[in-house]
Amino acid sequence: PVLVVDYGAQYAQLIARRVREAQVYSEVVPHTTPVAEILERDPAAIILSGGPASVYADGAPGVDPVLFDAGVPVFGICYGFQVMAKALGGTVEHTGTREFGRTELEVVGGTLHEGLPTRHPVWMSHGDCVTEAPEGFEVTASSDGAPVAGFENLERRLAGVQYHPEVAHSPHGQEVLRRFLHDIAGVRPNWTTASIVDEQVERIRAQIGDGHAICGLSGGVDSAVAAALVQRAIGDRLTCVFVDHGLLRAGERAQVERDFVAATGVKLVTVDASERFLSALAGVTDPEQKRKIIGREFIRVFEQAARDVKAAGDVEFLVQGTLYPDVVESGGGAGTSNIKSHHNVGGLPDDLQFTLVEPLRMLFKDEVRRVGLELGLPETIVHRQPFPGPGLGIRIIGEVTAERLEILRAADAIAREEMSAAELDSDIWQCPVVLLANVRSVGVQGDSRTYGHPVVLRPVSSEDAMTADWARLPYDVLERISTRITNEVADVNRVVLDVTSKPPGTIEWE
Ligand code: XMP
């Protein structure tokens with residue numbers, strides 16, 4: 001693999017994704033990993049990422065200079081570039097000139113920037129800068145605030161840049177990364193979707209042998225692709241379980257029962273538990289309470305289904321759609337410390353004892369989608385927008401009842417239909433539709449007074465759901481959605497638009 005050494009500034013994962021876009025497999029490792037351990041993995045190349053520190057700050061992470069004598073190609077980015085300059089005997093100074101954001105880069109020579117426009121924009125973020133390249137290195141670029149904004153030594157296959165080639169704001173960045181990997185490091189581009197599928201299928205077969213596996217389908221992309229991969233590997237020794245908690249949107253159950261099964265031929269057990277969830281939720285209005293109840297009931301229902309499947313044959317393996325960012329963020333590979341709590345089927349009782357199969361553990365979301373398409377899953381499943389596990393249960397403000405679910409389902413279906421018809425699906429991250437069941441407002445329809453509920457549209461754009469902005473939907477689309485919902489959905493007499501970014505608002509209302 002190409003190993004991306006993470007100096008802890010959230011850039012490492014993005015770099016790893018870009019490397020994979022250049023069809024080279026890459027993984028993130030924390031900067032605390034000893035050089036010997038890094039070299040033991042026989043990396044095809046090493047990339048030192050950006051980081052928040054100044055190389056002169058107390059306790060600033062550095063790099064063991066022996067790394068540069070191992071004959072392995074190394075590329076330094078931003079902080080990694082400075083760490084590299086310092087370790088190789090160049091000069092890094094705190095000149096007081098800082099550059100943040102879009103900056104003009106001047107190409108002065110070398111291979112990495114050859115043929116690119118002599119002046120082109122790049123994305124910078126630095127306080128210190130390299131003022132003198134290490135001996136034997138050619139300076140390849142400069143900018144107003146960075147006299148040495150790039151250097152390379154082709155013989156030793158070492159290079160670096162001060163700017164961030166991995167971000168979209170550096171329009172030639174991907175090309176520069178590609179040149180380092182393919183031309184300077186000589187890494188072969190062989191990481192393709194077909195190779196991912198082949199490799200994972202092999203691994204799954206090796207792990208499961210002639211055993212049996214079970215997989216909980218959530219209706220989301222990850223569990224669907226994980227299941228499809230395992231199905232490809234072990235056929236009908238996989239049983240999928242789909243819990244219908246009655247909080248799904250219109251058509252979602254059919255999408256799993258019909259489209260997913262048609263595409264994969266998977267053996268599917270659907271458990272209809274809507275009654276059970278509705279009675280557990282009766283009288284509950286507190287959002288956290290709702291989430292807890294839904295989570296708890298979900299585990300119980302899945303557990304019973306797993307027991308039933310197990311009783312029919314000896315199932316030892318549980319398939320989960322864990323992705324690479326989750327692995328990195330849970331300490332499986334990065335200096336980043338925040339650990340997210342995942343809502344995968346955790347919390348199963350010990351006596352069920354499954355061995356986990358996680359075929360997506362090394363994949364990023366965009367790779368998962370491509371694998372899904374490669375396996376023949378329909379676009380409607382592969383490009384689904386995120387939908388929370390607790391479903392419509394947390395999109396009804398107030399108590400969840402069967403009648404309110406009907407209302408929300410109808411309004412949500414209209415909003416989705418109109419957005420799809422306007423071809424907006426790829427522009428927005430997701431658009432929760434929320435029923436304010438505890439609010440009524442006065443309206444007038446056909447000469448008579450109404451006293452109905454408002455529905456909120458919450459369209460957002462986002463990269464990763466951690467931050468979001470409200471999406472500027474065209475007025476004519478908003479108009480059609482509003483007209484149709486108020487005309488077609490009984491009890492809704494008002495449609496309002498949520499224009500709050502995240503933060504301060506979250507994407508969901510509960
Ligand atoms: P918030 O509302 O926190 O949501 O801005 C961020 C993203 O996570 C989704 N979400 C969930 N997904 N289980 C999930 O699988 C949950 O309990 C859950 N709650 C929120 C939300 O739709 C958004 O994409």
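**Chatting through the helix packing**

A: Among contacts in the chain between residues at least 6 apart in sequence, 73% join residues at least 24 apart; two residues are in contact if their C-beta atoms, placed from the backbone, lie within 7 Å.

Q: Thanks! What kind of model is this, and how are residues numbered?
A: This is a predicted model, where local features need pLDDT of at least 70, side-chain atom pairs count only at pLDDT 80 or more, and totals for chains, interfaces and linings use all residues. Residues are numbered from 1 along each chain as its sequence is written.

Q: How many helices and strands are in the chain?
A: The chain has 14 helices and 23 strands. Both are DSSP runs numbered from the N terminus, with helices being H or I of at least four residues and strands E of at least two.

Q: And what box do the C-alpha atoms fill?
A: Roughly 80 × 60 × 40 Å, taken along the principal axes.

Q: How much of the chain is buried?
A: Of the 510 residues, 42% are buried. Buried needs 20 or more other C-beta atoms within 10 Å of the residue's own, exposed is 12 or fewer, and partly exposed is in between, with C-beta atoms placed from the backbone.

Q: OK, helices. At what angle do helix 6 and helix 11 pack?
A: Helix 6 (residues 221-234) and helix 11 (residues 365-374) pack at about 50°, with axes 9 Å apart. The angle makes helix 6 oblique to helix 11. Axes here are lines fitted to C-alpha atoms, over the stretch in contact for helices, and angles run from 0 to 180 degrees between N-to-C directions. Under 35 degrees counts as roughly parallel, over 145 as roughly antiparallel, 65 to 115 as roughly perpendicular and the rest as oblique.

Q: Which residues meet there?
A: From helix 6, Val221, Asp222, Ala224, Val225, Ala228 and Leu229 meet Val368, Arg369, Val371 and Gly372 of helix 11. The residues of this contact divide into 7 nonpolar, 1 polar and 2 charged. Nonpolar covers Ala, Val, Leu, Ile, Met, Phe, Trp, Tyr, Cys and Pro, charged covers Asp, Glu, Lys and Arg, and the others, Gly among them, are polar.

Q: What about helix 5 against helix 11?
A: Helix 5 (residues 193-208) packs with helix 11 at about 80°, axes 9 Å apart, so the two are roughly perpendicular to each other. Thr193, Ala194, Ile196 and Val197 in helix 5 meet Glu367, Arg370, Val371 and Glu374 in helix 11. That contact has 4 nonpolar, 1 polar and 3 charged residues.

Q: And where do helix 5 and helix 6 meet?
A: Gln200, Val201, Ile204, Arg205 and Ile208 in helix 5 meet Leu229, Val230, Arg232, Ala233 and Ile234 in helix 6. By class, the residues of this contact are 7 nonpolar, 1 polar and 2 charged. The axes come within 9 Å and cross at roughly 70°.

Q: New topic: what surrounds the ligand?
A: There are 11 residues around the ligand, the closest being Pro388, Gly389, Thr506, Ile507 and Glu508. A residue counts as near if its C-beta atom, placed from the backbone, lies within 6 Å. The shell has 5 nonpolar, 4 polar and 2 charged residues.

Q: Last one: is Phe100 buried or exposed?
A: Phe100 counts as exposed, because it has 11 C-beta neighbours inside 10 Å. Phe100 lies in strand 6 (residues 99-107). Not counting residues up to four places away in sequence, Phe100 touches Met124 and Ser125.
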